[in-house]
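Hi,

Here is the model I promised to pass on to you.

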Amino acid sequence: MPPPPPLPLVDIEGLEKRFGAVTALDGITAAIHPGRMTGLVGPDGAGKTTLLRLVAGLLRADGGRLSVCGADPGTDPERVHEAVGYMPQSFGLYEDLSVAENLSLYADLRGVVGDARERAFDRLLRFTGLGPFRTRLAGRLSGGMKQKLGIACAMVVKPRLLLLDEPSVGVDPVSRRELWAMVQDLVADDIGVVWSTAYLDEAERCDAVLLLDRGRLLHAGPPDALTRRMDGRTFILRAPPDKRVAQARAAATAGVLDALIQGPHVRLVMAQGAAPPDGAHPTPPRFEDAFVSLLDDDAAPHAPLATPTAPVADPGEGDVVTAQGLTRRFGDFTAVDDVSFAVARGEIFGLLGPNGAGKSTTFKMMCGLLPPTAGTARVAGIDLGHAASAGRAKIGYMSQKFSLYGDLSVGQNLAFFASVYGLKGQARKQAIRGALEGYGLDTYAKANARTLPLGFKQRLSLACATLHRPPILFLDEPTSGVDPLTRREFWGRINALAADGVTVLVTTHFLDEAEYCDRLGIVFRGRLVADGVPDALKARFRTADTPEPTLEDAFIALIEAEGREDAEAAA
Amino acid sequence: MGSRILALVIKEFLAVWRDPKSRFVLIGPPLIQLLVFSYAANYDIIEAPLAVLDLDGGPAAHRLIDDFDHSGGFRVARHLDGEKDIAPAIDSRAVSLVLVVPADFSRRLNGGSSGVEAGKPAVVQVIADGRASNSAQVLIGYASTILTRFNGEWLAAHGGKPVPAAIITTNWFNPNLVSRWFIVPGLVAVLTLVVVMVVVALSVARERELGTFEQLLVTPLRPFEIMVGKTVPGVVIGLGEATLAAAIAHFGFGIPFLGSLPLFYGALVLYLLAVIAFGLMISSLAHTQQQAILGAFLFIVPAIILSGFATPIENMPDWVQWLTHVNPIRYFLIVVRGTFLKDLPLADAVHELWPMAIIAAVNLSLAAWLFRRRLY
Amino acid sequence: MSDTPTGGRWLRLRGLIVKESRQVARDPSSIAIALVMPIVLLLLFGYGVSLDARNIGLAVVVDGPTQATESLVASFERSPYFHVTRIADRRTAEAGLVAGDYRGVMVIKDDFTKRLARALEGGGAESAPIQLMVDGTDANTARLTRGYVEGAWATWLTLQGLTEGAATRLAVTAEPRIWFNPEVRSRNFLVPGLMAIIMTLIGTLLTALVVAREWERGTMEALMTTPVTALELLIGKLTPYFLLGMGGMGLSVAMAVFLYDVPFRGSFLVLVGVSAVFLVTALALGLLISTAAKNQFVAGQIALVAAFLPAFMLSGFLFEIGSMPAFVQGLTYLFAARYFVAILQTLFLAGTVWSVILPNLLAMVALATVLLLITARRTTKRLE
């Protein structure tokens, strides 16, 4: 790492920002340097966006001092705007304008004309690989391409400081790697880049991180400084006979901060000074471990992980969910192309793939929300597209985004779904009470669902989908946009359900989550390109260069085999 | 099934009521509209500014001008000096009407005995501003009424022959011809329409946009149940809104309610079903709330204009009149005004009820069909 | 920005205007509001809204038909204003009035002819009454009905007097004249008034929606971190919609003159100038609403209540402002539509009458200035 230059680009001292009674930023002191990638890390609502907006001169601080490229954004935003490129969370693109038209607008606004303009466009289009898509409307680009265009727009004039608000949200792993490489080039060019993210693997690779939680700065400095604090506290239980039981037992053990399934193994993070359980092997710490442990100290105590359980209706032995030649076309676009798989009782089956690969469409056909163009989907032996009402009582479904009634209270949402699923009298009361207690929702029972913290929204969604004890559960991207703590807790609950014999189908584009699944199907451009046990999938891509491939390596190799350029176009 | 629908209905009410935005839509605009319309929508004219050009100057002319000034319909705003002043007074909209009393006015009035001009009445000119042609007609009507009375009194006082026959007019149902009695009961129909339309049209679109619609579809609920679950709250909200508006009309604005309440509510339910069916159709076709609002607007505006709410249907060209037959507001307006002002007998109301029933039945079936097809 | 060359300013403005125009061209809902709505509204109002009573349903009950009554009824039947139905008995006719089948019932009793003859001979104070019952529900139509019946009756009476050779004598008669619109076509004043509504729709509703959309989609945030100034943002937004609004106006004028034969007697230049001023007020209001609302749903609701409804109800387009209660009249002064409607009706039907145009124009300019000042103050390059 280069030695810190004498003058930071951004100098923050005791910065405060309040929105009404809410303190969004509470006395932040930090610096951002040129030629470095600074990761702005924290869970949802930590204050990441507020900090970026303050630096960009879009908000006025309530206290403290802030200097950006030598100017105060509060009093002299114009000077800041000339030196700073900013990409908001929603790209800031005009979706009804083409790639070239978006660039032209920002070139006009930043006064780039004539030759300089041509050169800038050439450079940016080559740099982003968007050259072939000049005339495509921004709204028709894939998530990754939108992010690239958003960065290009912020870079029409080379800025001294580039602020990127969650640039990797909604971007598949391949595009994410490209995006990252692209931004690394800028850093090499001595631009200061701030990359805000909830992905910890990204934070780990930054030159420096600012770790925010609930408006406070928990850590500022290189990520490995944080990771090193965890030295000697991380262990692995190699291939226990029943990993779910082992995980549950470990999680309940005193001194274990965190236990999670990793392939066939169980990974443990111990509290400071606690002794590891028998048979645990040391393993190198990751940034995520440090993050969890830091937030754990900062956060409220864990909600009880117990999931209300009761014997579920038996869907029969063998394969309870089958898809056979499932195909769906929208016009001349084939969203799902001849997908077949089978899921056994009590199994967690993951559908993995980039955005737009056809995961959700497959799920919708399975649940009877969308009639397939060809093929059949059977759930507990029933085709949900035809056998309506009664069959649907056997499944629970949790959709990609929060889709409960935001203006109804938690209790009202639960009561509504209980009635709709035909629960009556005592059973209804018990189910609702069980959900409130089991998911730690009692304190929020009267609060509007809209106002819940994200983690509690996820709990409520799962609670509503499982009120009627369905033997089969469909979870569509249940953890998208959720911070690591919440994700872990969520997977804990899913594991508990699976242990009770519930069959779980889940889609995700988080590769690390795929490790939690018993079996995986990898979906790409509408087709199921591979399926099997996670370890077997990884093993297929073991080479001399990568003797220990991760799922991400396997995934990228698979997709690269499918042709990269086209992948972007189809996504 | 019953309990599932009940749960849906309860949820729908909670969703509408707990969201401050939809609560506002339910209460704000209707109240504002009721007040604005009731006070502003008025064809009656009071104290219209009048300019007088009195070329005669005699006592009879003075009396006539006084009659105008004290009629309530006019007030004398200016006295003109000559013909040249007429155009500026009207052009500048300073006055709505000009009364010209000719120089021979008194002579002709008394000219019954002079022989040469016997039988020739005095002629006064009444000039109105046609830029507001309805007002112009109304004002000229006022003027002729004043003149007729002046005639009668003059002839009676001067021993002339009275007019051989007279029309004795009685205004039924609205003896003083107050526009508000016409507009406000109409508003009961229109406001109910607007609120119910927006609530129903938005309800499915909002659920679609928020993703809750999918959540509903994976539950054991049937499409038919969902539709009933959307219709019942619409009917209840519509009944509430109409009751409130009718109460304000009767108790607030003092408009008589002579007819039967059961007839009013019976017709209201048919009307609401017909309107809700339109709303459900828009709702099942719209993907976003934006589209639903635009769709509702595109239905509401023509439907109100072509209903007879503001202007009579008979005045429209024939082909437009035909169009109005599929408009439920047209029928309900007749029943509302009938029950308020006329004590409309059931036998007559039936002519308005069965078309609404048919529209409701056809539209609900159509909406159910669309609903089933557009679930995905 | 002090050190920016003016060239940069023009470039930024051009960039914003080009962007906005492209968006308008590609957004179906913008086109719907800007081009389809005016046509639909003009067609609806042109054909659907008419205050000119024609074919008024009139029931006539004649108890004892004679030559005189026959000629009286025939004269009503000839009138373009009435659609006469003969009914044998009074009860049926009255029931029809209740049912809404007729607007009025005229009853001629069996002694009518006898009494008329006596009256014509000059038999003292005797006169032959005719009874007219009018459905007063629709007060306006009721008044017109009554006026038309009296008019037709007077005509018949005069003719009758002449044929009978008897000198009926009236002391005074009126010679009514309706200037600017002698055939009293309501279309002639409704259509110009409608233009104010159409311009309000394009200027306020459309602008409020598109700016709110920029907030919703986060593009405003990206724009604000560029060197663009608040004033440039304002002008960049106003220009395309200004042109669109003027286009809508041109379309409306063309439809009014060529489709509906509304006369245009004023100066075209003045029309353009006045429309431009009105449009600026409408646009400024739209911008103001959207910066306050920042979300399309709320912006649409406010635009409806603050712009569309007043343009409709409080502009004098359909309802006489002078007859409204004082506080409502006071309210009308706050909305530009009132001034615009007055100028439009004058320009179309009367001509370029400066005594009408000037005060109204000044009021609009004052409103526009106030609105623009507030908008400029509120349009800061900040999210708060």
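I'll start with a pair in chain B: Glu12(B) and Lys11(B) are both buried. They form a salt bridge, with their closest N and O atoms 3.0 Å apart. Glu207(B) and Lys230(B) join these two residues in a network of salt bridges. Please keep in mind that this is a predicted model.

Another salt bridge in chain B connects Arg63(B) with Glu153(B), at 2.9 Å between the closest N and O atoms. This pair links distant parts of the chain, 90 residues apart: Arg63(B) sits in helix α3 and Glu153(B) in helix α6. Arg63(B) is partly exposed, at 34% relative accessibility, and Glu153(B) is partly exposed too, at 39%.

Chain A has a local example. Lys538(A) and Asp535(A) form a salt bridge at 3.6 Å, N to O, and both belong to helix α18, three residues apart, or about one turn. Lys538(A) counts as buried at 13% relative accessibility, whereas Asp535(A), at 32%, is partly exposed.

Four salt bridges are counted between the two chains; Arg53(A) and Glu221(C) meet in a salt bridge at 2.9 Å, N to O.

Finally, on the surface of chain B, Leu346(B), Val350(B), Trp354(B), Ile358(B) and Val362(B) form a nonpolar patch of about 490 Å² accessible area. Ile358(B) lies in helix α14 and is partly exposed, at 46%.

Best wishes

How values were computed
Residues numbered from 1 in each chain as written. Chains lettered and ligands numbered in written order. Predicted model: local features only at pLDDT ≥ 70, side-chain atom pairs only at ≥ 80, totals over all residues. Heavy atoms only, no water. Patch = residues over 30% accessible without salt bridge, like charges linked within 9 Å, V, L, I, M, F, W, Y side chains within 5 Å. Areas by Shrake-Rupley, 256 points an atom, 1.4 Å probe, with all protein chains shown as cover. Salt bridge = Lys/Arg side-chain N within 4 Å of Asp/Glu carboxyl O. Helix = DSSP H or I, 4+ residues; strand = E, 2+ residues; numbered from the N terminus. Buried < 20%, exposed > 50% of the residue type's maximum accessible area, 1.4 Å probe, protein only.
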